[in-house]
Amino acid sequence: MGVTRHIIYRHVGPDGPLGFPNSPTTFSEAATSQECTMMTIGDPCGRMRRSKAATSGSSVCVSALMLAGCSGDTHLSFLDPQGPVASGQRWHFVESLAVLLVFVAIPVFVLTAWFLWRYRYGAKSSRYTPKWNYSALLEIASWAGPVVIVVLLGIIVWRATHALDPYKPLASDQPALRLQIIGYDWKWLFIYPDQGIASIGVLALPVGRPVAIQLTSATVMQSLHIPALGSQIYAMGGMVTQLHLQADRPGRSLGENNMYNGNGFHQQRFSAVAMTPERFSAWVDEVHLHGIALNDQSLKHISQRSTRAELIAALSQPGASDGNIYFKGATDALFSTVVKATKSGTPVAPASVRQEFANRAPLAARKPTESATDKVQ
Amino acid sequence: MSFAEQFQHPLGRLSLESLPFWQMLNDPTRGNVINGVIGTAAALMVVIGTLVTIAMITKYRKWSVLWSQWLTSPDHKKIGIMYVVLALVMLIRALMEALLMRAQQAFGLEGGFLSPDHFAQLFSTHGTIMIFFVAMPFLTGIINYVMPLQIGARDVSFPVLNSISFWLTAAGAALVMISLCIGKFSTGGWFGYPPYTEASFSPGVGPDYWIWALTLASLASTFSGINFAVTIYKKRAPGMKLMVMPLFTWTALCTSIIMIFAMPPLTVAMAQLALDRYLGFHFFTNELGGNMMNFANLFWLFGHPEVYILVLPSFGVYSELISTFSGKSLFGYRSMVIATMAIVALSFAVWMHHFFTMGQSANINAVFGIASMLIGIPTGVKIYDWMWTIFRGRVRFTVPMIYSIGFIYLFVLGGITGILLASPTIDYQVHNTVFLVAHFHNVAIPGALFGLLAGYHFWFPKAFGFRLNERMGKVSAFCWIFGFMLAFFPLYALGLMGLPRRSVAYTEPSYVPLEIAAFLGAILLTVALVTLVVQLWVSIKQRDKNRVFAGDPWDGRSLEWSVSAPPPEYNFAVIPVVTGRDAFTLAKEGGKAYPLPESYTDIEMPKNSVMGPVLGAIGFALAFGLVWHILWMVILFFVAAVVTMIVYGFARDTTRIVPAQQVQQEHRRWLDAVAAATGISRADEYQSANQGLAEMTIHEVPA
Ligand code: HEM
Ligand SMILES: [Cu+2]
């Protein structure tokens with residue numbers, strides 16, 4: 001009890017090195033060389049930034065939405081998109097919002113205020129018709145207006161839903177990078193099956209190349225979300241979901257879990273770091289060189305209910321010092337093994353939980369308040 | 001200990017560890033102490049509140065009055081009032097929890113003061129309470145009070161069932177309250193998705209509290225739905241055809257229909273989850289063929305229609321208010337009815353928008369997205385028709401009208417963000433962020449809560465015979481409106497900046513200013529609630545100045561205004577004959593508002609029944625036994641429930657007669673008071689001169 005209340009991890013210290021002792025490559029170059037493309041007006045980040053004020057000055061800056069710009073060096077929002085999916089989503093958001101504001105909100109707001117004033121109690125100059133309650137023309141207009149707006153939006157929505165379907169592979173002349181992501185409590189394990197490596201806490205991506213992701217959960221439902229790159233999608237035990245993303249320029253984006261899964265939920269964050277293809281392959285080599293082995297033993301630790309910090313403490317050789325964990329020796333089979341195991345029951349269930357099961361033989365006897373979730377308080 | 005053994009232990013899972021201060025005493029770290037103190041203080045409030053209430057009742061010797069006049073009463077008006085009282089008490093708790101959450105998040109950069117587990121219990125109880133034990137009882141209470149009066153009935157069709165519904169709801173609320181004192185509540189949120197809420201991941205009592213509280217509430221609401229629908233179909237006064245009913249009654253009917261069809265999926269989902277947790281079934285587990293998506297489907301098959309259960313009655317209230325306070329008959333009655341019915345039908349066809357992100361195909365998502373947007377059509381029509389009602393009217397800016405205006409503006413915004421969320425593409429980004437939290441509060445607070453509060457101000461004089469203080473009402477209304485804006489608009493921005501809902505802490509410094517603004521908003525909302533309580537107190541003190549015994553303080557349009565305030569227990573000395581919409585306005589125009597009947601007859605009314613309190617107590621004890629695995633309690637109270645119902649089946653002598661003599665006396669006394677009162681113009685509505693008699697003037701002002 002009381003071991004680690006609220007250790008909150010910064011995804012990766014913004015300017016910190018990769019974390020391996022003699023590492024030649026650092027993330028910082030990749031990340032800071034890229035400026036936020038939003039204009040600095042109303043910069044909510046409270047930091048001065050040497051901004052190349054809007055590389056794409058046209059980047060849509062709908063007043064209030066500016067708030068959702070970027071914070072520090074991490075891209076937080078799809079309104080500050082770092083890839084084609086998020087930028088499509090931003091466009092769709094802006095166009096839908098515009099239609100609604102112009103055709104719904106403004107007319108209602110203006111007319112209501114005007115009516116309220118003009119027909120206030122005691123007004124002398126306006127008509128008063130206490131019994132008038134029907135007008136075919138107004139009725140037709142009242143129905144037709146919303147119908148037209150919804151039809152219009154319906155068309156927009158139908159198109160956008162299909163165009164930006166997270167299951168749809170992204171068009172590209174490059175082959176997609178395969179990625180398998182497993183949700184554990186309270187960290188994501190990113191497996192690069194073709195590279196034979198894996199990581200926790202940082203998701204490295206090559207710029208300009210589509211990424212084809214498969215997701216599952218080894219525990220409860222979770223939802224993987226990297227707002228600046230694209231859609232979120234649930235990861236569920238015994239099931240596989242899919243997601244396609246792409247980063248267009250180097251930079252660091254916020255990644256998180258959006259579906260509450262217990263005490264460490266708010267710490268289940270990571271950085272999605274987009275880097276040039278060269279850097280990416282250097283990174284892969286780096287992980288091969290310095291990563292720790294992804295074997296039964298490390299997997300056992302990973303499947304504990306623990307935050308990333310606790311996991312690092314539990315692993316005998318933490319490897320990196322940047323708050324992330326890097327693995328070598330990841331196999332293609334691991335993902336499907338976890339899916340099957342979760343579906344069939346016990347094996348990959350977190351040991352703490354398995355303990356409960358064992359205690360409960362045959363069924364559900366438990367100690368009153370000691371839930372597994374109480375551990376991290 | 002095995003499951004079976006534990007069930008055999010006389011106290012089940014109960015132990016000292018279940019007390020809120022146990023952990024703090026045994027492991028006094030700073031965090032444990034802070035959380036322990038907060039938890040203990042909350043528990044103390046419940047205990048002390050209960051003890052003080054009991055002591056006061058004893059001191060003033062009110063037990064027998066309370067028992068015979070209220071607790072066992074089958075009178076729909078009294079049950080309605082008890083529902084509203086329950087809702088307001090629970091609102092106090094849920095709002096305090098919201099304030100605590102907002103405070104935690106305002107200081108939540110890299111930490112805050114609450115433990116994650118404590119925070120999780122807060123959002124779970126807050127959400128559960130607000131929906132099931134604030135909004136639901138509030139609207140059920142108002143329907144209960146108003147609907148029979150509006151249709152010219154003497155009571156609902158099944159008065160004892162009505163009392164049972166109330167008591168089951170109260171039992172559910174009591175279960176949530178006692179979870180503050182003994183054990184912990186669920187941390188799975190108000191929709192408690194498995195497998196997180198399965199025994200393997202949440203082995204404690206929390207989810208069991210949640211399951212049984214919801215089970216009690218859902219049963220109660222199913223019964224209420226049946227009761228209201230039957231009443232509206234069967235007990236209307238002569239001439240009160242369906243298309244003549246006041247709009248509030250229409251929305252009550254529509255809400256009841258939704259209750260009947262939407263509550264059972266919830267009850268079933270809860271039963272299945274209970275089977276998983278108690279008997280090792282695998283409906284929603286990861287393993288052995290379970291599938292949690294079935295839970296998601298069942299829950300939202302209830303959950304989406306539920307939001308229309310919440311807003312439709314308020315839509316009805318707004319229709320009454322806007323028409324009354326614009327001094328004009330409701331524009332587009334037929335459209336309004338059709339729109340409401342359309343919403344009912346559509347509300348069952350959109351549930352999947354709650355999990356666009358679970359990986360369905362684009363076709364399915366797009367279809368459900370567009371279906372969700374379709375609801376915008378009837379809702380839009382309603383907004384326009386309210387605007388046309390104001391158009392060419394004479395608007396009085398009374399307290400209920402201020403809520404209504406706040407509603408029109410804010411609800412349009414909430415609707416817009418709802419339509420945004422209905423687009424799967426946008427949902428992929430803002431689902432489960434605080435943008436979603438902002439959206440549903442944006443519809444729940446202006447849409448449901450404001451309407452109910454406005455209804456409270458509107459009908460309070462009817463129920464208690466005197467008006468509420470206007471000035472404080474206005475202060476409170478403005479605090480609700482601006483407090484809401486300050487508390488929730490920042491969440492839209494925060495959601496777009498990537499803050500997930502249910503985050504106890506965060507690491508982005510840029511969130512802080514917005515979080516602080518939201519915290520200030522929550523403080524303003526608390527001020528609004530406190531003002532309401534003070535207003536009630538002050539109004540009770542000043543009641544003699546503000547009496548409206550004649551019964552029609554607002555120049556009302558429907559039948560509830562045609563009787564005294566408060567109305568006699570049988571509502572109508574003589575059942576009125578209705579000739580058209582706005583029945584009371586028609587009568588006033590025809591000079592026949594207060595007819596003197598030639599003769600009176602005996603009136604048959606339901607007798608008091610102990611069934612409600614008894615079944616409520618049994619339900620509570622049964623649920624408590626189940627939560628704590630106390631076998632003897634479960635068996636005992638299960639048997640008690642069955643036996644009670646069978647025994648009641650033999651009850652024959654269930655009505656009593658109010659003699660014609662008494663009816664005549666009471667009615668004449670009221671008519672004399674009406675005759676003695678002076679009709680006032682609308683300018684004097686809020687003056688002492690308003691004795692509840694409206695000046696009969698209808699003057700059109702041509703262009
Ligand atoms: C009156 C002022 C209110 C305030 C200040 C307030 C505040 C909050 C806060 C801070 C949360 C947690 C947000 C998060 O997860 O990050 C929340 C959640 C919630 N609130 Fe409210 N709320 C209010 C009223 C209401 C009302 C009237 C309702 C419903 C009728 C409601 C229903 C809910 C629900 C369903 C949740 C979600 C719980 C969950 O995550 O499972 N709230 N509210
Ligand atoms: Cu819905």
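**View 1. Ile191(A) stands opposite Ala198(A) in strand S5 of chain A.** This is a predicted model. Four bridges join strand S4 (residues 187-192) of chain A to S5(A). The two strands run antiparallel. Together they form a hairpin, with four residues between them. Gly196(A) sits in the turn and has a positive phi of about 75°.

**View 2. Strand S5 of chain A also pairs with strand S14 (residues 325-328) of chain A.** Four bridges join S5(A) to S14(A), and the pair runs antiparallel. Here Ala198(A) stands opposite Phe327(A).

**View 3. The side chains of strand S5 (residues 197-200) of chain A point two ways.** In a regular strand the side chains alternate between the two faces of the sheet. Ile197(A) and Ser199(A) point one way. Ala198(A) and Ile200(A) point the other way. All four residues named here are buried.

**View 4. Domain 2 of chain A meets domain 3 of chain A.** Chain A is divided into domain 1 (4-75), domain 2 (84-163) and domain 3 (177-376). Four residues of domain 2 are in contact with eight residues of domain 3. The area buried between these two domains is about 400 Å², and carbon and sulfur atoms give 53% of it. Pro84(A), Val85(A) and Ala86(A) supply 81% of the area that domain 2 buries against domain 3, more than any other three residues. Zero salt bridges are found across this interface.

**View 5. Two cysteines of chain B are buried: Cys181(B) and Cys254(B).** Cys181(B) counts as buried because its relative accessibility is 13%, under the 20% cut-off. Cys254(B) has a relative accessible area of 0%. The structure holds zero disulfides over all chains.

Technical notes
Residues numbered from 1 in each chain as written. Chains lettered and ligands numbered in written order. Predicted model: local features only at pLDDT ≥ 70, side-chain atom pairs only at ≥ 80, totals over all residues. Heavy atoms only, no water. Buried < 20%, exposed > 50% of the residue type's maximum accessible area, 1.4 Å probe, protein only. Pairing = 2+ DSSP bridges. Disulfide = S-S within 2.5 Å. Domains from an automatic or database assignment. Contact = heavy atoms within 4.5 Å. Buried area = accessible area lost by both parts, 1.4 Å probe. Salt bridge = Lys/Arg side-chain N within 4 Å of Asp/Glu carboxyl O.
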